[in-house]
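Let's take a walk through a protein together. Have a look at the model first, and then we'll go from its inside to a few single residues.

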Amino acid sequence: MPMWLENNAPECDVVVSTRIRLARNLAKVPFPSRIRNSQDIEKVHAGAKESLLKSSEFKYSKLSDMSELSKRALIERHIISNELAKNKNGGLITSKDESLSLMIMEEDHYRLQSLGGGLSLNTAYSAADQLDKMLADGVEYAFDEELGFLTSCPSNTGTGLRASLMLHLPALTATKGISRITSMISKVGMTVRGAYGEGSAASGAFYQISNQVTLGVTEQEILARLLTTANKVIDFERNTRKELYKNLGIVLEDKIWRAIGILKNARRISDAEAQKLISDVAFGVSLGIVTGLTSSQLYETMMNTRPAIIAEKKSSDKPQLRDIARADIIRDVFNT
């Protein structure tokens, strides 16, 4: 289990994880989309390495040295973005447990990231802030006294902070309540996206909510607004779960136990089916229908059975072999 995906994390029946990202750029160096010479690219990489690799906690990798499979696995683990994976000039610095990372030459020169289990906004932000200070000790940021941190995309200018929560919302998904949630949180400067960010679909009833506004507000104001919004969504989801169980009873139990039956016995299973069924079981755990498993165990199983993560471990990217390996991993979890 990733160290940041801990058991008994706060509100983990609904909140899978917390992510803090900070966008930063070097002063007097063009944004990545406008860089035209290798000296500027090297300056961006060198600044990050000189600031962070003083600590043995971190390691550096060039994206050009990675296989396509390794990059896909990093995307599935929420360590890098699709955009960075496509950038031949990109780089990555990660902590040993991958709870802290730095994307180099993505949309901005630097995207600092901190991951935490459950609802852990303040803890995750403190870790990102510490990483930010380490980086700032060795480089000069592009900063304006009136606007704040200057970024490639104007929507990130100001604090450069993007705080997001990964939520498991099976009840609101089943009752078509996501549109209501989306409308509600958009009024307070928040947005809802799929599990892998902007443009991605919601898979297995997993969604991200994050702030949209970074200018004219402080970091603490952003975190406070997201926390208030998250608590409302958590209450909506929990109440809807109870209402569904009250109304459906044995029908819901049957759906959950059928999911367990398949996961305990399947000899091959696709990624999409596995995510859907594990989501159903996590729903059952939250209602007390299923015991002996935790939400964090199920989230970890979902991550460990993503296509590229399996392929990297098994040294084979053939879909049929992945489906067999996925079923093996899931049976081990559900029959222990």
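Before we start, one term: contact, or touching, means heavy atoms within 4.5 Å. With that in hand, take Ile 20. Leaving out residues up to four places away in sequence, Ile 20 touches Leu 112, Gln 113, Ser 114, Leu 121, Ala 124, Tyr 125, Ala 128, Leu 161, Arg 162, Ala 163 and Leu 223.

A word on what you're looking at: this is a predicted model, where local features need pLDDT of at least 70 and side-chain atom pairs count only at pLDDT 80 or more, while totals for chains, interfaces and linings use all residues. Residues are numbered from 1 along each chain as its sequence is written, and side-chain values use heavy atoms, with hydrogens and water left out.

Now for the inside. A residue is called buried under 20% relative accessible area, exposed over 50%, and partly exposed in between (1.4 Å probe, protein chains only). A nonpolar core is then a set of buried Ala, Val, Leu, Ile, Met, Phe, Trp, Tyr and Cys residues joined through side-chain atoms within 4.5 Å. The largest such core has 48 residues, and the members that touch the most others are Ile 20, Leu 102, Tyr 110 and Leu 165. Apart from that one lies another core, of 28 residues, including Ala 171, Ile 260, Ala 274 and Ile 289.

Let's zoom out. Helices (H or I, at least four residues) and strands (E, at least two) are DSSP runs, numbered from the N terminus, and this protein has twelve helices and ten strands. Its radius of gyration, taken over C-alpha atoms, is 21 Å, close to the 20 Å that the globule rule (2.2 Å times the number of residues to the power 0.38) gives for 336 residues, so the protein is as compact as a globular protein of that length. Along the principal axes, the C-alpha atoms fill a box of roughly 65 × 45 × 30 Å. Of the 336 residues, 54% are buried. And if you take contacts between residues at least 6 apart in sequence, 70% of them join residues at least 24 apart.

Next stop: helix H2, residues 68–76. Here Lys 71, Ala 73, Leu 74, Ile 75 and Glu 76 are buried. What covers them? The cover includes helix H3 (82–85), strand E3 (91–95) and helix H11 (307–314).

Just after H2 comes His 78, in the loop between H2 and H3. Most residues other than glycine have a negative phi. His 78 isn't a glycine, yet its phi is positive, at about 65 degrees. His 78 is also buried, with a relative accessible area of 14%. Glu 98 has a positive phi too, near 65 degrees, and is likewise not a glycine. You'll find Glu 98 in the loop between E3 and strand E4 (100–104), and at 18% relative accessibility it counts as buried.

Last, look at Leu 244, which sits in helix H7 (residues 219–248). Is Leu 244 buried or exposed? It is buried, with a relative accessible area of 14%. Leaving aside neighbours within four places in sequence, Leu 244 is in contact with Ala 171, Ala 174, Thr 175, Gly 249 and Phe 283. One of these, Ala 171, belongs to the core of 28 residues. For a sense of distance, the C-alpha atoms of Leu 244 and Asp 65 are separated by 50 Å, and these two residues are 179 apart along the chain.
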